[in-house]
Amino acid sequence: VHDSGRHCLVATMSRQDIIDTFDVEGMLHGLAARRLTEIASDQELQELHQRHVEMDEAQGDVHKYGALNWHFHRRINQMSNSRKVVAALKTLAMAMPRDFVVEFPEWVPGSNAEHAGIVDALIKRDGSQGEALMRAHVSRTGVLLAEYLERNGVTLE
């Protein structure tokens with residue numbers, strides 16, 4: 001934002017800004033998941049299943065889980081074969097830090113359970129279900145992040 005002296009200042013984030021960012025990102029990740037069900041090979045779907053198995057096994061190592069989580073979502077986006085969706089996601093990613101799963105190990109079991117449902121829908125090539133689950137998964141993260149910040153004394157507009 002600009003102040004009256006035309007200086008650039010970092011804008012204050014509101015609770016709704018955080019939630020909206022993750023909601024929009026959820027829509028895009030959901031679109032990628034749905035597209036993937038239409039075009040992915042059986043081998044690619046098996047790769048996603050294997051990545052989920054690796055995440056399941058890494059739940060005790062939050063750093064490893066965080067890296068696997070990032071690669072899992074990235075791979076779904078790549079498999080969607082949509083340059084526009086990937087470009088839009090990159091733009092959103094610049095607005096928020098993405099490595100917070102490392103900071104919130106208590107989120108890992110819930111996140112991994114959601115991943116299991118997403119992978120199951122993708123393997124069944126159920127695009128509607130995969131899209132809905134992915135959208136809810138990403139959107140939930142925004143709500144959790146806003147709640148965490150408020151609980152820890154961060155004043156959001």
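Modeller: A residue is called buried when its relative accessible area is under 20%, exposed when it is over 50%, and partly exposed in between, with a 1.4 Å probe and only protein chains counted. The model is a predicted one, in which local features need pLDDT of at least 70 and side-chain atom pairs count only at pLDDT 80 or more, whereas totals for chains, interfaces and linings use all residues. Residues are numbered from 1 along each chain as its sequence is written, and side-chain values use heavy atoms, with hydrogens and water left out.

Colleague: Why is Arg 15 called partly exposed?

Modeller: Arg 15 has a relative accessibility of 27%, a value between the two limits, so the middle class applies. Glu 150, at 35%, counts as partly exposed as well.

Colleague: What makes the contact of Glu 150 and Arg 15 a salt bridge?

Modeller: The term asks for a side-chain nitrogen of Lys or Arg within 4 Å of a carboxyl oxygen of Asp or Glu. The side chains of Glu 150 and Arg 15 meet at 3.0 Å, N to O, so the pair qualifies. Glu 150 belongs to helix α6 (residues 127-151) and Arg 15 to helix α1 (residues 15-39), so the bridge ties together parts that are 135 residues apart in sequence. Eight salt bridges are found when the whole structure is searched.

Colleague: Which parts of the chain does the salt bridge of Glu 131 and Arg 34 link?

Modeller: Glu 131 and Arg 34 meet in a salt bridge at 2.9 Å, N to O, and this pair links distant parts of the chain, with Glu 131 in helix α6 and Arg 34 in helix α1, 97 residues apart. Glu 131 is partly exposed at 25%, and Arg 34 is partly exposed at 26%.

Colleague: How many residues apart are Glu 47 and Arg 51?

Modeller: Both lie in helix α2 (residues 42-57), four residues apart, about one turn of the helix. An α-helix has 3.6 residues a turn, so residues three or four places apart point the same way. The closest N and O atoms of the Glu 47 and Arg 51 salt bridge are 3.2 Å apart. Glu 47 is partly exposed at 23%, and Arg 51 is partly exposed at 24%. Elsewhere, salt bridges that share partners join Arg 34, Glu 38 and Glu 131 into one network.

Colleague: How many helices and strands does the protein have, and by what rule?

Modeller: Helices are DSSP runs of H or I with at least four residues, and strands are runs of E with at least two, numbered from the N terminus; the protein has six helices and zero strands.

Colleague: Why are the buried residues of α4 said to line one face?

Modeller: In helix α4 (residues 83-93) the buried residues are Val 85, Leu 89 and Leu 92. Seen down the axis, they fall within an arc of 60°, so they line one face of the helix; the arc is that of the directions from the helix axis to the C-beta atoms. The face turned away from this buried side carries the exposed residues Arg 83, Lys 84, Lys 90 and Thr 91.

Colleague: What share of the protein's residues is buried?

Modeller: Buried residues make up 38% of the 157 residues.
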